Amino acid sequence: MIYGVLTRKTPYEPKPRSGRPRVTDIRSDRRIQRMASSQKMLVREITGASRFQISKNTVHRRIIESGYMVLAKMARLLPLSKLHISKRLQWARNHMSYGDKWMAVLFSDEKNGTSIDLTGI
């Protein structure tokens, strides 16, 4: 196999890739990876800042292809302070012996707009 390649009269060239050609080139891929790592930009922001008309899925794939960046979601809330932790603990201790008063409390799930009525239990 190697002997055939070395004694060939025409230079060896790899076969062209089959399938749809990539929208971005190597330079654009590096630019996307640099924006994601150094500037802490969102995929949507990188898509808008790109010179090409590319989808956010393409940007996400280029970031994953880099191999050294790991997907990590940012924390949505700040951690509780010492004061907030102590106040929550104090509230919980005060309401541990709430007893039958809990039957008058209406719990609601504001995300779905549903509520649970515990008065009939």
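Predicted model: local features only at pLDDT ≥ 70, side-chain atom pairs only at ≥ 80, totals over all residues.

**Exercise 1.** Work out how the span of helix H2 compares with the expected one.

*Solution.* Start with the ends: H2 covers residues 26-38, 13 residues in total. At 1.5 Å a residue, the expected span is 18 Å. From its first C-alpha to its last, H2 reaches 18 Å, close to that value.

**Exercise 2.** Find which residues of H2 are buried, and decide how they sit around the helix axis.

*Solution.* Go along the helix and pick out the buried residues: Ser-28, Asp-29, Ile-32, Gln-33, Met-35 and Ala-36. Now look down the axis of H2: these buried residues fall within an arc of 160°, so they line one face of the helix.

**Exercise 3.** Is Gln-33 buried or exposed, and what does it touch?

*Solution.* Gln-33 lies in helix H2. Its relative accessibility is 13%, and buried means under 20%, so Gln-33 counts as buried. Skip residues up to four places away in sequence, and Gln-33 touches Arg-62, Ser-66, Tyr-68 and Met-69.

**Exercise 4.** Place Ile-54 in the fold and list its contacts beyond its sequence neighbours.

*Solution.* Ile-54 sits in the loop between H3 and H4. With a relative accessible area of 9%, Ile-54 is buried. Setting aside neighbours within four places in sequence, Ile-54 is in contact with Val-23, Thr-24, Ile-32, Thr-47 and Val-59. Take Val-23 from that list: Ile-54 and Val-23 are 31 residues apart in sequence, yet 7.2 Å apart in space, C-alpha to C-alpha.

**Exercise 5.** Which residues make up the largest nonpolar core, and which helix gives the most to it?

*Solution.* The largest nonpolar core has 8 residues: Ile-32, Met-35, Ala-36, Met-41, Ile-46, Ile-54, Val-59 and Ile-63. H2 and H4 each supply at least two residues of this core. H2 gives the most, with 3 residues. To finish, zoom in on one core member, Met-35. Not counting residues up to four places away in sequence, Met-35 touches Lys-40, Met-41, Ile-46 and Ala-49. Lys-40, which follows H2, has a positive phi, near 55°.

Technical notes: Residues numbered from 1 in each chain as written. Heavy atoms only, no water. Helix = DSSP H or I, 4+ residues; strand = E, 2+ residues; numbered from the N terminus. Expected span 1.5 Å × (residues − 1). Buried < 20%, exposed > 50% of the residue type's maximum accessible area, 1.4 Å probe, protein only. Arc of directions from axis to C-beta. Contact = heavy atoms within 4.5 Å. Core = buried A, V, L, I, M, F, W, Y, C linked by side-chain atoms within 4.5 Å.
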